[in-house]
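The following paragraphs are intended to be read beside the sequence and the three-dimensional view. Please keep both at hand while following the description.

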Amino acid sequence: MERVPLERKVLSENDRIAAELRARFQEHGVLCLNLISSPGSGKTSLLERTLESLPPRDRVAVLTGDIQTENDANRLKRFNFPVKQITTGGTCHLDARMIERHLADWPLEDLDLLLIENVGNLVCPASYDLGEAAKIVVLSVTEGEDKPLKYPSIFFKSDLLVLNKIDLLPYVPFDIDAAADNARKVHPGMEIVKVSCLTGNGLHEWMQWLERRRGADKPLAQTVS
Amino acid sequence: MGIANSVLQAVRTEMGLHPGTYPCKVGVRIGEMSAIDQDALRFCFEAMVHETDLESLELGIEVCPRRHRCQACAREFVVRNYDSRCPQCASLETTCISGDELELAYLEVEEYGTSTAGAKSTQ
């Protein structure tokens, strides 16, 4: 019996492609963000509100992942930014190769911001680097406030927590301070914004975060209602 | 399933470097913050090797705890129950140094003919 040391990452092939993507994004000055949440937390709604508040000629594109259907891409296309659906056909996460393939005919020099909406899942997307500058996790108030403790990895690896559907707080037994505390237990110092994609409440803070990450020297175009 | 598939692909790639042997056991390291469920990984792994030439391949899983280093006093410690306060100086300024592993650690290979267990052919 001989033991051969392997000492490499299990997902080294994914990580290799992700590193290439990251280098290309940096070379072309593209900020790439990877949005992750459970199904139904409001990733697509957040993107809709984001796209509608960006100036029409902003250099923004969206890749949106789902197991089946083009529904999300159809929702997002009406804002006249380039949008492409990635249907994974059963895979519960996006991987770097899917991003590489779907970017093949999009010239990166035409982009400043690439928003990736991952497949609705709090587990596997945490393991697959897509070359993004930051992961963003969305949690809605109709879920449990202990989700950061139950699914720590994604909260640990995300730069920002977007707490969505705060318009429903009067109707649900969700302790928003406990949710924030739990997120910061897993990820001390984690940035958190509280929003309602329905009423627009809090979206200004989200857009400010986004503009800050874009290193925006240009002013925020317009404020969401 | 994707993770199990990546492990098996790595085993097949590595076996190309060790002619005349067969793989007995592959070892992986999984951090407790890596979002990998051990039982699910084992289930997928076993399903994927079933009735293949790798059916006898064993999966060894080593779970790695989340460890932090204190920025104030440099103490390294295991984080339990999400309490990342330094046990030595009580500082909250601590940074994560491990616990996110998803790594291939080792592969155990046996020469054909040295053991009957698992050896199915000598091709």
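Strand β7 of chain A, residues 160-164, is largely enclosed by the rest of the structure, because 4 of its 5 residues are buried. A residue is termed buried if 20 or more other C-beta atoms lie within 10 Å of its own, exposed if 12 or fewer do, and partly exposed in between, with C-beta atoms placed from the backbone. Helices (H or I, at least four residues) and strands (E, at least two) are DSSP runs, numbered from the N terminus.

This is a predicted model, in which local features need pLDDT of at least 70, side-chain atom pairs count only at pLDDT 80 or more, and totals for chains, interfaces and linings use all residues. Residues are numbered from 1 along each chain as its sequence is written, while chains are lettered from A and ligands numbered from 1 in the order in which they are written.

The surroundings of β7(A) can be traced through its strand partners; two strands pair if DSSP finds at least two bridges between them. Strand β6 of chain A (residues 134-140) runs parallel to β7(A) and is joined to it by 5 bridges. Within this pairing, A:Leu161 of β7(A) stands opposite A:Val137. Strand β8 of chain A (residues 191-194) also pairs with β7(A) in the parallel sense, over 4 bridges, and here A:Ile192 in β8(A) is the bridge partner of A:Leu161.

A:Phe155 lies in helix α6 of chain A and counts as buried because 26 other C-beta atoms lie within 10 Å. Setting aside residues up to four places away in sequence, A:Phe155 touches A:Val137, A:Pro148, A:Leu161, A:Ala183, A:Val186 and A:His187, contact being defined by C-beta atoms, placed from the backbone, that lie within 7 Å. A:Leu46, in helix α2 (residues 43-53) of chain A, has 22 C-beta neighbours inside 10 Å and is therefore buried. Apart from neighbours within four places in sequence, A:Leu46 is in contact with A:Val138, A:Val162, A:Asn164 and A:Cys197.

Beyond neighbours within four places in sequence, B:Val7 is in contact with A:Val10, B:Val26, B:Val28, B:Phe45 and B:Leu104.

Where the two chains meet, 23 residues of chain A are in contact with 25 residues of chain B. On the side of chain A that touches chain B, β1 (2-9), α6 (152-157) and α7 each supply at least two residues, and β1(A) provides the largest share, 8 residues. This side of chain A divides into 14 nonpolar, 3 polar and 6 charged residues; Ala, Val, Leu, Ile, Met, Phe, Trp, Tyr, Cys and Pro count as nonpolar, Asp, Glu, Lys and Arg as charged, and the others, Gly among them, as polar. Strand pairing also links the chains: β1(A) and strand β6 (residues 102-111) of chain B run antiparallel and are joined by 6 bridges. The bridge partner of A:Arg3 in β6(B) is B:Glu108.

Most residues other than glycine have a negative phi, and most peptide bonds are trans.

Finally, confidence is expressed as pLDDT, the predictor's confidence in each residue, from 0 to 100. Chain A averages a pLDDT of 93, and 96% of the residues score at least 70. Over residues 217-225 of chain A, however, the pLDDT is below 50, and this stretch has 15 contacts in the model beyond near neighbours in sequence. Where pLDDT is low, the predicted coordinates should not be read in detail.
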